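Thank you all for making the time today.

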Amino acid sequence: MHSRVSNHEASNKQIGCKGELRKIKKKKNKSEARDQQLKKKEFESFTVENGKLEELIEYLIAGYRQVPATDLQKQEISVDLSYSHPNFDVKDEEQGMNSEVQGNVEELDGIELDDLRDDLVPKKVTNPENSLIIEPNSIAEFLLKIDEDVASNVDFSDYMICFNGEQKTIGRYSFPISLVPTVERIMKAYGDVSASSLMSPNITGKIYLLFCATIKEMEDLELHQMTQTKMLKWRDAIKDALRVNFKVEFAMSHLKKVARAYFGGIGEQVLLSINEKLNSLYKERAKALEGFKDFLANAKDFDGQSVSTGLFP
C-alpha cells in the first residue's frame with residue numbers, strides 16, 4: 001500500500017514538471033516570435049530609409065552632372081618673392097588655399113564666408129631668415145623693444161666681420177682695416193661721435209668697435225635680409241654707445257626707420273598674396289557663373305516660395 005502511494009506521488013511530480021516545461025517553452029517561443037517581428041520591422045524601416053537615401057544621392061549626382069566641370073590650378077598661400085623682397089615669405093600655417101575643383105562629385109567643395117576670409121588674410125607671417133613668426137599685434141610690441149633699455153646682449157661673434165688682423169688708428173681708437181671706410185664715413189658725416197665721452201678708450205673701445213660694425217652691416221645688408229634678432233643686436237650696440245655718451249642718436253633714429261621698413265616689406269608681400277588669391281577667386285567666380293547662369297533666373301522664381309509656384313495658371 002505504501003509503495004503504491006509513493007509511486008502515485010512520483011507520477012504527479014513528473015506530470016507537474018512537464019507542465020512547467022511546456023509553459024516555459026511556450027513563453028520562450030512567444031518571446032522569440034516578438035523579437036523576430038521587431039527585427040523584421042526594423043529591417044523594413046532600414047530598407048525604406050536606404051531607398052530614400054539612394055534616391056537623394058542619385059538626384060544630387062544628376063544635378064551635379066549638369067554643371068560644367070571647373071578646372072583650376074592649385075592656389076597655395078605662398079608668394080614668389082622675387083617680385084620684391086626675395087627672402088620674405090607669406091604663409092598661412094593652418095591651411096593653404098587650395099582651389100582645385102574637378103567634375104567628380106566627391107571632389108566638389110564650397111567656400112564659406114569664414115573660410116574665404118581666413119584664406120585671404122594669413123594669420124601669421126614668417127620670415128625664413130630666422131624662422132620668426134610675426135603676428136599683427138606683435139609689430140607694435142617689437143617697435144617698442146627698439147627703445148627699451150635692457151641689459152646688452154651683443155658681442156663680436158654676432159657680426160660677420162673680421163676684427164683681427166691689421167689695425168689702423170683713428171683718433172684715440174684702433175680699428176680693423178675692414179671697418180676703416182665705415183669709420184671715416186661716420187666721421188665725415190657726424191664728426192668724432194666719441195669726442196664727448198670722458199671714459200678711457202680701454203673701456204669704450206669694444207663699444208665703439210661694435211657700434212661701427214653695426215653701421216657697416218647696415219651698409220652691407222638689404223631690407224629682405226633683415227631679421228628681428230639682427231635689429232635687436234644693433235639696438236644693443238647703439239644703446240651701449242649712447243650709455244657712454246657717444247653722440248649716436250642718428251643711428252638709433254635710423255634703426256627705427258629700418259624696423260618700420262622691415263614690417264612694411266612684409267606687408268607688401270601680404271598684400272601681394274591677397275591680390276593673387278583674389279584674382280584666382282575672380283576667375284573661379286567667372287567660370288562658376290558661366291556654368292550656372294542659365295539656371296540662376298529659375299532659382300529666383302522660387303525665392304521664399306513653395307516649388308508649386310507657377311504650377312497653376
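**Layout of the chain**

Reading along the sequence, you will find that the protein chain follows the pattern α-β-α-β-β-α-β-β-α-α-α-α, which amounts to seven helices and five strands. Helices and strands here are DSSP runs, numbered from the N terminus, where a helix is H or I over at least four residues and a strand is E over at least two.

Residues are numbered from 1 along each chain as its sequence is written, and side-chain values use heavy atoms, with hydrogens and water left out.

The pLDDT is the predictor's confidence in each residue, on a scale from 0 to 100, and the protein chain averages 75, with 60% of the residues scoring at least 70. Over residues 63–111 the pLDDT stays under 50, and for this stretch the model has 103 contacts beyond four places in sequence, a contact meaning heavy atoms within 4.5 Å. Residues 128–132 also have a pLDDT below 50, and there the model shows 15 contacts beyond near neighbours in sequence. Where pLDDT is low, the predicted coordinates should not be read in detail.

As for the chain as a whole, 29% of its 313 residues count as buried, where buried means under 20% relative accessible area, exposed means over 50%, and partly exposed lies in between, using a 1.4 Å probe and protein chains only. Among the contacts with a separation of 6 or more, 74% come from residues 24 or more positions apart.

**A hairpin and its tyrosine**

Now please look at strand β4, residues 167–170, and strand β5, residues 173–176, which pair in the antiparallel sense over four bridges; for two strands to count as paired, DSSP must find at least two bridges between them. Together β4 and β5 form a hairpin with two residues between them, and glycine 171 in the turn has a positive phi of about 65°.

Is tyrosine 173 buried or exposed? Tyrosine 173 is buried, because its relative accessible area is 4%. Setting aside neighbours within four places in sequence, tyrosine 173 is in contact with several residues, including Lys168, Ser194, Pro201 and Thr204. With threonine 204, the side chain of tyrosine 173 makes a polar contact of 2.7 Å, a polar contact being a pair of N or O atoms within 3.5 Å, where within protein one must be able to donate a hydrogen and the other to accept it, and residues adjacent in sequence count only if both atoms are side-chain atoms. Proline 201 is 28 residues from tyrosine 173 in sequence, yet the two are 6.7 Å apart in space, C-alpha to C-alpha.

**Aromatic rings**

Tyrosine 173 also belongs to one aromatic cluster, together with Phe175, Tyr208 and Phe246. Rings of Phe, Tyr and Trp (its six-membered ring) pair if their centres lie within 6.5 Å, and planes under 30 degrees apart count as stacked, over 60 as edge-to-face and the rest as tilted. By this rule the count comes to nine aromatic pairs. One of them is the tilted pair of phenylalanine 156 and phenylalanine 163, with 4.7 Å from centre to centre and 50° between the planes; phenylalanine 163 is buried at 14% relative accessible area, whereas phenylalanine 156 is partly exposed at 29%. Tyrosine 190 and phenylalanine 250, on the other hand, form a stacked pair, at 3.6 Å centre to centre and 10° between the planes. This pair links distant parts of the chain, 60 residues apart, with tyrosine 190 in helix α4 and phenylalanine 250 in helix α7.

Finally, aspartate 240 has its place in helix α6, residues 228–243, and counts as buried because its relative accessible area is 15%. The side chains of aspartate 240 and serine 152 are joined by a polar contact of 2.7 Å. In the loop between α6 and α7 we find asparagine 245, which has a positive phi of about 70° although it is not a glycine.

Terms used. This is a predicted model: local features need pLDDT of at least 70, side-chain atom pairs count only at pLDDT 80 or more; totals for chains, interfaces and linings use all residues.
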